[in-house]
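Have the sequence and the 3D view open side by side. The paragraphs below go through the model step by step.

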Amino acid sequence: MNEWRKQAETESAAEKMMTQEELERKKKKEEKAKEKELKKLKAAEKAAKFKQQQNDSSTSKKKKNARRDASAADDNPLDYEDPPTPFGQKKILSSLMAKQYNPTAVEKSWYDWWDKSEYFVADAKSSKPPFVIVLPPPNVTGALHIGHALTAAIEDTIIRFKRMSGFNALWVPGVDHAGIATQVVVEKKLMRDRHLTRHDLGREQFVSEVWKWKEEYGGTILKQLRRLGASLDWSRECFTMDDKRSKAVTEEFIRLYKEGLIYRDIRLVNWDCTLRTAISDVEVDYVDIKERKLLTVPGCKEPVEFGVLTSFAYPLEGDLGEIVVATTRVETMLGDTAVAIHPDDPRYSHLHGKFAIHPFNGRKLPIICDAILVDPNFGTGAVKITPAHDPNDFDVGKRHNLEFINIFTDDGKINSLGSEFAGMPRFEAREAVKEALQKKGLYRGAKNNEMRLGVCSRSNDVVEPMIKPQWFVNCYSMAKQALEVATDGEIPRLEFIPKQYLAEWKRWLENIRDWCISRQLWWGHRIPAWYVTLEDDEIKEIGAYHDHWVVAKNEEEALADANQKFSGKKFQIIQDPDVLDTWFSSGLFPLSVLGWPDDTDDLKAFYPTSILETGHDILFFWVARMVMLGIKLGGDVPFRKVYLHPMIRDAHGRKMSKSLGNVVDPLEVINGISLEGLHKRLEEGNLDPKELVVAKAGQKQDFPNGIAECGADALRFALVSYTAQSDRINLDIQRVVGYRQWCNKLWNAVRFAMSKLDTDYTPPQTLLLEAMPLSCKWILSVLNKAITKTVSAMNSYEFSDAASAVYSWWQYQFCDVFIEAIKPYFSGDGSSFASERSFAQDTLWVCLDNGLRLLHPLMPFVTEELWQRLSPARGHKRKESIMISEYPTAEDAWTNEEAEHEMDLVESTVKCLRSLRAKVLGKQKNERLPAFAFCLNEDISKIITSYNLEILTLATLSTMKVLLSEKDAPPGGCAFENVNENLAVYLQAEGKIDTEAELEKMRNKMDEIQKQQEKLEKMINASGYKEKVPSHIQDENAEKLTKLFQEMEFFKKESERLEAEKSTKRLRVQNRRGKKNIVAALSRNAESRAQMVGI
């Protein structure tokens, strides 16, 4: 006792002699030791629990199997089926979750309930900030194609996200009357069903037939959009030719006319001889022709030759010889009014001011000098000029005041100005003119010529440039404003996403031409202009005098205006028979859908809209016109942002075409279809037999087993994921199938989680984060990060990034790691892990609730179905539907960088151990082996010890011992993998290690590290490195180099160890052989002695 007291007194005296700093250091050291001991105790406790749980699990396995067998026998299939739900009511769910995801079952009933509950309807009186999208109005003739599906998927993702984020979200649906397309469809139907043309019926009756067709078939595409889950506000559905929109279009025309921006003139237009109307540039498709080629043209008995440059000579006046010109449309020479040469071309300097003589009508053609058009180095250096039938020649005609002679009738025949060729169809006249030139000795041959042929997308007829009196909009001042709003100021009023399209916007608006807005059709908005024919007019033809037009809302106002304008004169008025270009009405769409020109509540609340989302192919034809008209008539840009999505092509990058058989119908992807079904769709089309064979072969190659049923959610998710591609999407249906399979994984993950939430489980309102197991802290922290990334990506319209962030969290963190890591908490019947199990339940619920809401805008159906099965938090009344609940926001308290860092190490460790298991065990995947974690420092050792249970579970190990390099040697007889510079893992595999292969692997790894070291050292030692390279980069490089040295050192030691093992093994083998030899020799000696004794 005295000895003990003396020792205590001595220690106390020593402590008194210590400085304050030394005492604090000692105190910290003791605390650290206590903390270390506590962690060891916790790890030991955890391991003991795990062992107990394994014992519990093994003893209860028979009971579980018996229960499962009994349960299987009692299973009623009807318990897994959703009972029928009355239309528009909330879906009635099955009592048990189906064992597999079925898109048809999941996606039924929800949409009708959402719609009937008015969740899609926006309130103009709401105090919430508005967010508005106008759906690009699909053609009334259209059926849903994959481009529409992409538009709907993107826009619905945006609008659902904004709605859940607290905005007064409005998505307005509408349909375009599609003038030419609709008229063509109804004309074909009339001919097919009743053998009548529109002219047989007359205008009024034909228009009545179109309205009947619209009422019967015109809503198809909007019904199909519902199948995709598009949350459009159907209460505001509109049609570009309904009364309100027609009133707006009339007002638009009148206002622009009164400002002098609409005028009538004779100009060159794209003329369709089959439809007998002018068409817009967007309705012209171009066929690239490399050389001489025969093509089928509507209305022509024989195929027509294109890709040929024909040369012929014009005789010169005064016996000056001839001048040779060339053309791809030799028939247009009937309308030639000049021959152009370059003023500096010495070959023709003697012809300045001279004339050529037309060989068929004797017309004198002036030889004109034009440096803008003529390239003296191309061809003969002489160009025939046909101002009425060529865009470049039209400009030349204006510059030189030439005569404009139209030689075609509206249906493409040569008119009375075509001499002996009058009455011939244009392509027959082409051959006749050639023959006539040959007879006159003026034909100079033909050669292959690469060209682009304009073809009408509606009729497939070859487009004919033709001069016609039309109504035009002067776009110059409006284009200037549209350019300024996108380029002026640090934050322009109009933003393009992606930004690359701003350059195209500028290029087009800076070179804009006036817009032809009249069409020679019967279906469309009739131009609100009346022509006044005075009794004393010499020419009675409509449009003969430009100043005889009056513009008004109706005939009564037009008559009053005419009386005022031509006071005291006798006259008659007649409305212009033409209709307005479809783009003229759709260009007004963001205004007209909100009630303009009336000052409606909707217009005040929702204009300008928030974003326009559409394809980049109509940037100019529609987007630019909406911006110009929105600023002019609405006083502001019609939308603040323009998001331009890529164009969809097939998996091989080819444009989708019926003749290739690669057109993808979204409904066939949603519902699934057999190869025979795909073939049948082609057979019901209008492909010729040769095209049908090619198309069927294409379908067989791409879809040998048809298309599997994918559902709307998988299709939407796939399409949105593709948007990272800039200008085109190469759509691979197998990717959609992959997301459908992922939906099944999601379904099963939630099903597992729900099975761990007892029927009486109610989630808490708050989480006790500090007391939670490490895996729970980690999953909440990475969920927080996923929420932050997704919200940021959604707000910046980077939908592919948003989809990737949500997918990665669900797939790689929640399903692959967290669910697996917590399974031990729920195994066995004992009380082991009771606390952990409770925390895991709460964390599961939080993850499901947040994760489903995070995913909802991308996959609305499956998330609603799964979310509805979650019980609400205790004391919290949640929203009726997931689509009107709040979008998740990051919780600061959940962020745990330490847990994330540690789990990163755990995941890397597990990955290496799984790799070793696969290599060592081969096909015996279920066998559990012992493992070792060899740590080079104590910090790593602590982390691995803390997560021992998670590593055992995720890597399927029997045991794992943590070794520290300061105290322990690496284990022998093991396969090993280097996790990082501070950690290696070993898997015990006696007799299964190929030492030589392991050594070779290490030598290769050391060679690789050596190269990286040398490269980094060369960079660091380079001249000017310290002065030029930022300090943080220098620090990073220094850290990299240190890690490489550490790794090299580890591999050297491990290599030496393996070499030693190899030598030891060799000695053992030699010793065994030596012993065998000795035994054998002794045996032989014994036998020999025995024989001698016998003798």
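Helix 29 and helix 31 cross in the right-handed sense. The model that shows this is a predicted one. Two packed helices are described by the angle between their axes and the distance between the axes. For helix 29 (residues 897–921) and helix 31 (residues 948–955), the axes come within 9 Å and the crossing angle is roughly 35°. On the side of helix 29, the residues that make the contact are V906, T909, V910, L913, R914 and R917. They meet I951, L954 and A955 of helix 31. Sorted by type, the residues of this contact are six nonpolar, one polar and two charged. The numbering of such residues follows a simple rule: an α-helix has 3.6 residues a turn, so residues three or four places apart point the same way.

What is the order of its three strands? The order is 23-22-24, and the pairing is antiparallel. Strand 23 (549–551) and strand 24 (571–575) are the edge strands, and each of them pairs on one side only. From one strand to the next, the twist averages 30°. Strand 22 (residues 529–534) and strand 24 run antiparallel and are joined by five bridges. In one of these strands sits L534, and its bridge partner in strand 24 is F571. Helix 15 (residues 555–565) packs on this sheet, where it touches strand 22, strand 23 and strand 24. The direction of helix 15 makes about 140° with that of strand 24.

The largest nonpolar core has 169 residues, and L731, W810 and F814 have the most contacts inside it. Helix 24 (residues 733–756) gives the most to this core, with 13 residues. Leaving out residues up to four places away in sequence, L731 touches a set of residues that includes I146, I648, M656, L719 and V736. Another core, of 65 residues, lies apart from the largest one, and F496, W549, L591 and I618 are among its members.

How many residues of helix 28 (residues 860–868) are buried? Nine of its nine residues are, so to speak, covered: each counts as buried. Among them are F861, V862, L866 and W867, and also E864 and E865.

Finally, consider the protein as a whole. It has 34 helices and 33 strands. Of its 1095 residues, 49% count as buried. Among contacts with a separation of 6 or more, 76% are between residues 24 or more positions apart.

Definitions and conventions: Residues numbered from 1 in each chain as written. Predicted model: local features only at pLDDT ≥ 70, side-chain atom pairs only at ≥ 80, totals over all residues. Heavy atoms only, no water. Axes fitted to C-alpha atoms, helices over the stretch in contact; angles between N-to-C directions. Helix = DSSP H or I, 4+ residues; strand = E, 2+ residues; numbered from the N terminus. Left-handed = near helix turned anticlockwise from the far one by under 90°. Contact = heavy atoms within 4.5 Å. Nonpolar A, V, L, I, M, F, W, Y, C, P; charged D, E, K, R; others polar. Pairing = 2+ DSSP bridges. Core = buried A, V, L, I, M, F, W, Y, C linked by side-chain atoms within 4.5 Å. Buried < 20%, exposed > 50% of the residue type's maximum accessible area, 1.4 Å probe, protein only.
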